[in-house]
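Welcome! Let us take a walk through this structure together, one region at a time.

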Amino acid sequence: MNIGITVFPTYGGSGIVGSELGRELAARGHSVHFISYALPTRVCPLSDRVQFHQVDVFDYPLFEFPPYDLALASKIVEVAEAEKLDVLHMHYAIPHAAAAYLAREMFKPVRYLPFVTTLHGTDITLVGARSSFLPITRFSIAQSDAVTAISDYLAAETYNTFGLSNVEVIPNFINAEDYQRRENPELRKRLAPEGEMLIMHVSNFRPVKRIPDCIHTLAEIRRRNSDLSVRLIMCGDGPERERAEGLANHYGMADSVLFVGQVPNIAEYLSVADLLLVPSEMESFGLAALEAMACEVPVIATDVGGLPEVVINGQNGYLVPLGDISLIAERSIEILSDNEKRHRMGRNGRAWAVERFNTEKVIPQYERVYEKVKSEK
Ligand code: GMT
């Protein structure tokens, strides 16, 4: 099939999922066309089967906010014609589903171009729920030829907020070959020169991720157990980084909290981690948790949103109440100071990730949705 995919090409989880989906689809023989304003970060090398079509948004003095959605719709129509697209797959409803709807309408005189919308999180729980976006979000989701959500939680929220029930849950996925623990003594030595234990955090450092909770946790671990030598590795970048650096300084822990920025191969870093912290205020899935599990890393996550569908309390990590630093520190010490438990939880996480979220299991679900919307019109 010829599949057009639109994502936000930033460091966000929906962009990663859409990009990796494209790569998996290409590996299965489809032709994938990414349509966005920039090349998505995790897109594999471009080839005959994976192409990128840039949306040109130009600045004009009249526009305080250049109308990206209109430029996107126009570009989709152009690509649909040139590349004979069979289906469009829009990741994150706003404004992608509305742009796809426009493109489908514009393209109707040529042929019907079905579009699938995948809901990822704040497009439903935050942004889409705002009164300025709610009507158009509801409309464009309802107009989609198929709608998928990445967790049961998000499907339920879609119903609660928009009254839309025709949503199929297709969870996020991992490629078990790419995401596996590969020992890397050199990297481990670099991050833990004195043989420290490594706690890791991976995100785009937005307020919803509650970055300061990671720093508070390290301080609390130190306060409780000064014998445990631990470093915190903060992977990613975003608006909360400066504040977190300030907090680490405030605690006198600047040497123990490493901000490594965006790393090109996150599996490499996760492979040397002993524990992943996901203290988010909200996660409709928590992709970083799944990636960590695939690399045999136990996860401590807040008991919110879709995280309980990924982290099984006591099996592959722990779920904790939001902001409960004391409990996060207690559970961290438990995991870091008990090698047997840590390795067992790591193995359980890997087994769970492979059994439930493997590409072999998840990608065919998307293929079936594409086939269905294609055959229906
Ligand atoms: O909804 C968002 O905040 C944006 C989105 C993104 O692009 O980062 O994140 C969501 O999608 C990810 C991939 O499906 C999920 O793993 C994240 O849990 C989810 N984020 C939130 O729900 C806050």
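This is a predicted model: local features need pLDDT of at least 70, side-chain atom pairs count only at pLDDT 80 or more; totals for chains, interfaces and linings use all residues.

**Around the ligand**

Residues are numbered from 1 along each chain as its sequence is written, and side-chain values use heavy atoms, with hydrogens and water left out.

Glycine 13 takes part through a backbone N or O atom, 2.7 Å from a ligand oxygen. Serine 14 brings a polar side-chain atom to 2.6 Å from an oxygen of the ligand, and for asparagine 172 the distance from a polar side-chain atom to a ligand oxygen is 2.9 Å. Of the 480 Å² of accessible area that the ligand has on its own, the protein covers 95%; such areas come from the Shrake-Rupley method with a 1.4 Å probe, and for residues only the protein chains shown count as cover.

Now turn to the strands. Here strands (E, at least two residues) and helices (H or I, at least four) are DSSP runs, numbered from the N terminus, and two strands pair if DSSP finds at least two bridges between them. An open sheet of seven strands runs in the order β3-β2-β1-β4-β5-β6-β7, with parallel pairing. Its edges are β3 and β7 (168-169), and each has a single partner strand, so one side of each has no neighbour in the sheet.

Within this sheet, look for β1 (residues 2-6), where four of the five residues are buried, meaning under 20% relative accessible area, with exposed being over 50% and partly exposed in between (1.4 Å probe, protein chains only). Four bridges link β1 with the parallel strand β2 (residues 31-36), and glycine 4 has histidine 33 as its bridge partner there. β1 also pairs with β4 in the parallel sense over four bridges, where glycine 4 stands opposite leucine 88. Leucine 88 in turn stands opposite phenylalanine 115 in β5, as β4 (residues 87-91) and β5 (residues 115-119) are joined by four bridges in the parallel sense.

Another pair to find is β8 (residues 197-203) and β9 (residues 230-236), which run parallel and share seven bridges. Isoleucine 199 is partnered with leucine 232 in β9, and methionine 200 with isoleucine 233. In a regular strand the side chains alternate between the two faces of the sheet. Both faces of β8 are covered, with Met197, Ile199, His201 and Ser203 buried on one side and Leu198, Met200 and Val202 on the other. Seven of the seven residues of β9 are buried, so the rest of the structure largely encloses this strand.

Is lysine 209 buried or exposed? Its relative accessibility is 12%, so lysine 209 counts as buried. The C-alpha atom of lysine 209 is 4.1 Å from that of serine 280, 71 residues apart along the chain.

Let us finish with leucine 62, in the loop between β3 (50-54) and α2 (68-83). Leucine 62 is exposed, at 69% relative accessible area.

Terms used:
A polar contact is a pair of N or O atoms within 3.5 Å; within protein, one must be able to donate a hydrogen and the other to accept it, and residues adjacent in sequence count only if both atoms are side-chain atoms.
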